[in-house]
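User: Could you take a close look at the aromatic rings in this structure and walk me through how they pair up and what sits over them?

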Amino acid sequence: GDSTFMKIYSPKQLVFSGSGAIQTNGTAVAGLAEGGLKILLFSINTYNRQNISGVEGMAQLIHHEFTHILNQKKAYPIEYNQVTPDGYTGNWTVAEENPWTLGFVSNYARKEPGEDIAEQVSHMLVMGRALYDSTVIHPFPGSPEERNNDDAIAKLKMKEKLVVQYFKDAYNLDFYSL
């Protein structure tokens, strides 16, 4: 898109908190998107720009929260909720399966569809198309020759297709050019 997109849809406030936001169940909230206007990022005091995985994690978090902002402005397609309806679980924090083999890009994506699409978008953007495509097929870091199952690949590809179509239909953006 052009600069108009960012002027219209970017959050009007970015709020940084040095400490984490711990929930009653013991999990920490990394970020929040509120009212389509504000993103809060927590645990900023632990951010280290020299740590490449930390930089990637922060980029992913920002894209995740910005996706929530976009979803609050224009709803994502309801069809997305039907790609992996049986995979959502309240036990996502203790899940031991590799989420990629179930059609999810992270365990957090298994929490509910709104988090799933935000995780899907952020992973696709931060990983880039080549790494994302490779990970869909080979999601086992210690065993790169082992392939993912066909069902999970189909689900991840369907989610990718829906994300790309959402950005085109809702915002007139070519997702792969981002």
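Analyst: Happy to! A charge sits over a ring if NZ of Lys or CZ of Arg is within 6 Å of the ring centre and within 35 degrees of the ring normal. Lysine 159 lies over the face of phenylalanine 104 in this way, at 3.8 Å from the ring centre. This is a predicted model, where local features need pLDDT of at least 70, side-chain atom pairs count only at pLDDT 80 or more, and totals for chains, interfaces and linings use all residues. Residues are numbered from 1 along each chain as its sequence is written, and side-chain values use heavy atoms, leaving out hydrogens and water.

The structure holds 13 aromatic pairs (ring centres of Phe, Tyr or the six-membered ring of Trp within 6.5 Å; planes under 30 degrees apart are stacked, over 60 edge-to-face, the rest tilted). Phenylalanine 104 pairs edge-to-face with tyrosine 88, at 5.4 Å centre to centre and 75° between the planes. Both residues belong to the loop between H2 and H3, 16 residues apart, and both are buried (under 20% relative accessible area, 1.4 Å probe, protein chains only).

Phenylalanine 167 and tyrosine 171 make a tilted pair, because their centres are 6.4 Å apart and their planes at 50°. These two lie in helix H4, 4 residues apart, about one turn of the helix (helices are DSSP runs of H or I with at least four residues, numbered from the N terminus). Phenylalanine 167 counts as buried at 4% relative accessibility, and tyrosine 171 does at 8%.

Both also belong to one aromatic cluster, whose members include Phe5, Tyr9, Phe66 and Tyr176. Over the ring of tyrosine 176 sits the charged end of arginine 129, 3.6 Å from the ring's centre.

How values were computed. Buried < 20%, exposed > 50% of the residue type's maximum accessible area, 1.4 Å probe, protein only.
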